[in-house]
Amino acid sequence: MALRLSPASRELLDLQSGVIARWQIAQAGQGVRLVDPQLHNGRWQPLYRGVYATFTGRPSRIALLWAAVLRAGPGAALSYDTAAELDRLIDKPGRCIHVTVGPVRQVTLSGRECHGSAPKIIVHRSARLDQPRHPARTPPRTRIEETTLDLIQASPSIDQAVAWLASACGRRLTTPELLLSSLTARPRLRWRADLVGALTDIKDGIHSVLEWHYVRDVERSHGLPRAKRQAVSRAGGRTRYLDNHYLEFGVAVELDGHVAHPLDSRWQDIRRDNASAEAGIVTLRYSWTDVTAEPCRVATEVANVLRRQGWPGHPQSCGPGCAAAPA
């Protein structure tokens, strides 16, 4: 006998990639007793307790995400790495599915309730879920700004936190202004001052944590002139972008965060530097270790080159033991 589902139930199945929860069937005005025969006959399969795939075969990733958020109950939202996966802030799916629920909802998950390929669910709790939850996107998830800030709060270091900001803006998923607005709305936030400063620098054009370290620890801390970030250069008949271009003095500072530099990429850098030299641009190139471990030395070298190119200033000491000194 063909299963007769109500129009409301069919609409849910179309929206939810063929997944439905027991509580949804009841809300749709249909008896939940129809579930057991479908499971017994193998037409449906359980994914989590009270959540079913209404088809046979391996569930898709999106079906599993729907199943996890439905298992957490009405009003829940995918969050953290899982919301980042959906909005393409993260490229690789995580092994667990993160779900955030409101402050009063109790979700008890047993280790035995995952069936087949259903991943483990990690439940977070938020007292203000109505604000971070996106009003329209499906499956339900947190807004990209809130997802980014959640990942920042779970980060082990400020470098990883800034990397999330740079990635969210660099992939054009959000803007520094929207992130700053969400950041301001959170009363408790680690590294608040550094994050606000990093958003200002990202708005100014930095694309990576290494560039942020250069701006903060080399240029700003030592009183160097402000470079133009991601400046367009058409040297050698080709268009390229300079990480830091001191246009007035004809100096560029390029940053390379790769630990291992492939030979082909190295020769590309050399060709670009040669083209810049032909256009009258002196190029200095620094690695992650240079900028993060010896910012004072880097500042001194950049200052010396800038002064030879006409900068009238002097590098400033960033603190006790600073190696930077007037050229």
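Thr82 touches Leu65, Cys96, Ile97 and His98, leaving out residues up to four places away in sequence. This comes from a predicted model. Thr82 belongs to helix H5, which spans residues 80-86. With a relative accessibility of 1%, Thr82 counts as buried, because buried means under 20%. The side chain of Thr82 also has a polar atom 2.8 Å from the backbone nitrogen of His98.

S5 sits in an open sheet of 3 strands, ordered S4-S5-S6, with mixed pairing.

Strand S4 (residues 77-78) and S5 are antiparallel, paired over 2 bridges, and Leu78 has Val99 of S5 as its bridge partner. On the pairing with S6 (residues 120-125), S5 runs parallel and is joined by 6 bridges. Here Cys96 stands opposite Lys120, and Val101 has Arg125 as its bridge partner.

**A second sheet, and a hairpin**

Another open sheet has 4 strands in the order S7-S8-S9-S10, again with mixed pairing. Its edges are S7 (228-233) and S10 (282-287); each has a single partner strand, so one side of each lacks a neighbour in the sheet. From one strand to the next, the twist averages 45°. Helix H10 (residues 209-220) packs on this sheet and touches S7, S8, S9 and S10. The direction of H10 makes about 130° with that of S9.

Within this sheet, strand S8 (residues 240-246) and strand S9 (residues 251-256) run antiparallel and are joined by 3 bridges. His245 stands opposite Ala252 of S9.

Strands S2 (residues 45-48) and S3 (residues 51-53) also pair in the antiparallel sense, over 3 bridges. Tyr48 stands opposite Val51 in S3. The hairpin of S2 and S3 has 2 residues between the strands, and Gly50 takes a positive phi near 80° there.

Here are the strand pairs side by side:

| Strand pair | Sense | Bridges |
|---|---|---|
| S4 and S5 | antiparallel | 2 bridges |
| S5 and S6 | parallel | 6 bridges |
| S8 and S9 | antiparallel | 3 bridges |
| S2 and S3 | antiparallel | 3 bridges |

Which residues of helix H8 (residues 176-184) are buried? They are Pro176, Leu179, Ser182 and Leu183. These residues cover an arc of only 125° around the axis, which puts them on the same side of H8. Their cover includes helix H6 (144-153), helix H7 (158-170) and helix H9 (192-204).

The loop between H8 and H9 holds Arg186. Is Arg186 buried or exposed? At 11% relative accessibility Arg186 counts as buried, because the limit for buried is under 20%. The side chain of Arg186 makes a polar contact, at 2.8 Å, with the side chain of Asp150. Apart from neighbours within four places in sequence, Arg186 is in contact with Arg128, Glu146, Leu149, Asp150, Gln153 and Arg192.

**The chain as a whole**

Stepping back, the secondary structure comes to 13 helices and 10 strands. Of the 327 residues in the chain, 47% are buried. Among contacts with a separation of 6 or more, 57% are between residues 24 or more positions apart. The chain exposes about 17,200 Å², and carbon and sulfur atoms supply 51% of that area.

Definitions and conventions
Residues are numbered from 1 along each chain as its sequence is written. This is a predicted model: local features need pLDDT of at least 70, side-chain atom pairs count only at pLDDT 80 or more; totals for chains, interfaces and linings use all residues. Side-chain values use heavy atoms; hydrogens and water are left out. Two strands pair if DSSP finds at least two bridges between them. Buried means under 20% relative accessible area, exposed over 50%, partly exposed in between (1.4 Å probe, protein chains only). A polar contact is a pair of N or O atoms within 3.5 Å; within protein, one must be able to donate a hydrogen and the other to accept it, and residues adjacent in sequence count only if both atoms are side-chain atoms. Contact means heavy atoms within 4.5 Å. Axes are lines fitted to C-alpha atoms, for helices over the stretch in contact, and angles run from 0 to 180 degrees between N-to-C directions. The arc is that of the directions from the helix axis to the C-beta atoms. Accessible areas come from the Shrake-Rupley method with a 1.4 Å probe; for residues, only the protein chains shown count as cover.
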